[in-house]
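The sequence and structure come first, and the text follows.

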Protein chains: 2
Amino acid sequence: MSVAETDIGAASREHLSRSKPEQRMELFHSRLRDRGLKSTSPRDDIARVFFELGRHVSAEELYAEVKKINPHVGYATIYRTLKLLKECELLNERHFDEDQARFEVAGDHHHDHFICEKCGKIVEFEDDAIERMQQDVARKLGVALTRHKLELYGLCADCRRSR
Amino acid sequence: MSVAETDIGAASREHLSRSKPEQRMELFHSRLRDRGLKSTSPRDDIARVFFELGRHVSAEELYAEVKKINPHVGYATIYRTLKLLKECELLNERHFDEDQARFEVAGDHHHDHFICEKCGKIVEFEDDAIERMQQDVARKLGVALTRHKLELYGLCADCRRSR
DNA sequence: CTAGTTGCAAATGTTTTGCACAAAC
DNA sequence: GTTTGTGCAAAACATTTGCAACTAG
């Protein structure tokens, strides 16, 4: 099983090597070009901040961060660019328990999430055994799976200790 | 593994034996009494329709159904009564992919859901093996689980055939 | 009686959209 | 020069709340 942690609203992490955001930006630009869409500075600002921030930002948080480097951008452009990044397969939209969506940088591998109910920390993990069991269930139900969502909620290691 | 099906918006099912809704009504009344809350006719109408309809209704659908037998009730009372039923542990709130919540009659046992992306059918299932694996993951992560959410999406048996 | 409940309308919070102006290709 | 993108304000949507009138215990 592999694991990666993210604080909600945390700034960029070292395990996202410094060049990754730039690679994503290049992908973003080429995928825009493929669709006959334009690269603009609001778009670039939003995408770069999103890639550099790391994972699981809300639209609100992203808006606040983007404002710091470009106070001119509006909320609408944030949402429009998030949708665009999703269409370019550079972003995944998540709906945990809250009312607002959270957005993560799309990686190469599928993963599920653990969410700490006390501190809000999000831990990503992959577990092949669970993935296989889901296929077993699908077979027993006679259905064909296209995707799934597994979210575990509870107390993270730190919050357990500080109880 | 055990399984149970529900169409979104389907009317009451025979596998919900005819007396069940009345049993739920009695529970509802006694739990209201325990809390010093009142039984009223809007509340009763909403709760009875909810129990009789079966599972996975949206507030909108429930509102429409309740209107048929009591055109006087307002949306606010629907939501307030749903919240009350949840507090009485007679209802579970679910948030599948959509924007609106769906509400199911709370049963005795935990279960997860398969949702057909074509026809919207919802299939409930329980699988001990998956439940155990989740505990394994929690142990490996060093976290304590309080609850989880597993949703499988794809094509149900019927929709696969009619492709 | 009196605390709890209702319906309505208005407020909420998040996300989307219409539109005139502005910027990319 | 078109076509696409932007910001703003207004709309949309599901859900919640304030409040005066009402009703169950």
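## Sheets within each chain

Strand 3 of chain A and strand 4 (residues 102-105) of chain A run antiparallel and are joined by four bridges. Helices (H or I, at least four residues) and strands (E, at least two) are DSSP runs, numbered from the N terminus. Two strands are said to pair if DSSP finds at least two bridges between them. In strand 4 of chain A, Arg102(A) is the bridge partner of Arg94(A).

The model is predicted: local features need pLDDT of at least 70, side-chain atom pairs count only at pLDDT 80 or more, and totals for chains, interfaces and linings use all residues. Residues are numbered from 1 along each chain as its sequence is written, chains are lettered from A and ligands numbered from 1 in the order in which they are written, and side-chain values use heavy atoms, with hydrogens and water left out.

Strand 3 of chain B runs antiparallel to strand 4 (residues 102-105) of chain B, and four bridges join them. Phe103(B), in strand 4 of chain B, stands opposite Glu93(B).

## The interface of chains A and B

The size of an interface is often given as the accessible area lost when the parts come together. Between chain A and chain B the buried area is about 3,100 Å², of which carbon and sulfur atoms give 62%. Buried area here is the accessible area (1.4 Å probe) that two parts lose on being put together, summed over both. Leu141(A), Arg147(A) and Lys149(A) supply 20% of the area that chain A buries against chain B, more than any other three residues. The contact (heavy atoms within 4.5 Å) takes 34 residues from chain A and 34 residues from chain B.

Ten salt bridges are found across the interface of chain A and chain B, a salt bridge being a side-chain nitrogen of Lys or Arg within 4 Å of a carboxyl oxygen of Asp or Glu. In one of them, the side chains of Glu117(A) and Arg147(B) meet at 2.6 Å, N to O. Between chain A and chain B, 19 residue pairs are in polar contact, both at pLDDT 80 or more. A polar contact is a pair of N or O atoms within 3.5 Å; within protein, one must be able to donate a hydrogen and the other to accept it, and residues adjacent in sequence count only if both atoms are side-chain atoms.

The elements that give two or more residues to the side of chain A that touches chain B are strand 6 (122-126), helix 5 (128-141), strand 7 (144-155) and helix 6 (157-161) of chain A. Strand 7 of chain A gives the most, with twelve residues. By class, this side of chain A has 20 nonpolar, six polar and eight charged residues. Ala, Val, Leu, Ile, Met, Phe, Trp, Tyr, Cys and Pro count as nonpolar, Asp, Glu, Lys and Arg as charged, and the others, Gly among them, as polar.

Strand 7 of chain A pairs with strand 7 (residues 144-155) of chain B in the antiparallel sense, over eleven bridges. Arg147(B), in strand 7 of chain B, stands opposite Tyr153(A).

## The DNA strands

A residue is near a strand if one of its heavy atoms lies within 4 Å of it. Around DNA strand C there are 19 residues, of which Tyr79(A), Thr40(B), Arg43(B), Thr77(B) and Arg80(B) come nearest. Around DNA strand D there are 18 residues, and Lys38(A), Thr40(A), Arg43(A), Thr77(A) and Tyr79(B) come nearest. Sugar or phosphate accounts for 70% of the atoms of DNA strand C within 4 Å of the protein, and for 73% of those of DNA strand D.

| Protein residue and atom | DNA atom | Distance |
|---|---|---|
| Lys38(A), polar side-chain atom | base nitrogen, DNA strand C | 2.9 Å |
| Arg80(B), side-chain N or O atom | base nitrogen, DNA strand C | 2.7 Å |
| Thr40(A), side-chain N or O atom | phosphate oxygen, DNA strand D | 2.4 Å |
| Arg43(A), polar side-chain atom | phosphate oxygen, DNA strand D | 2.6 Å |

Helix 2 (41-53) and helix 4 of chain A, with helix 4 of chain B, each supply at least two residues of the surface near DNA strand D.
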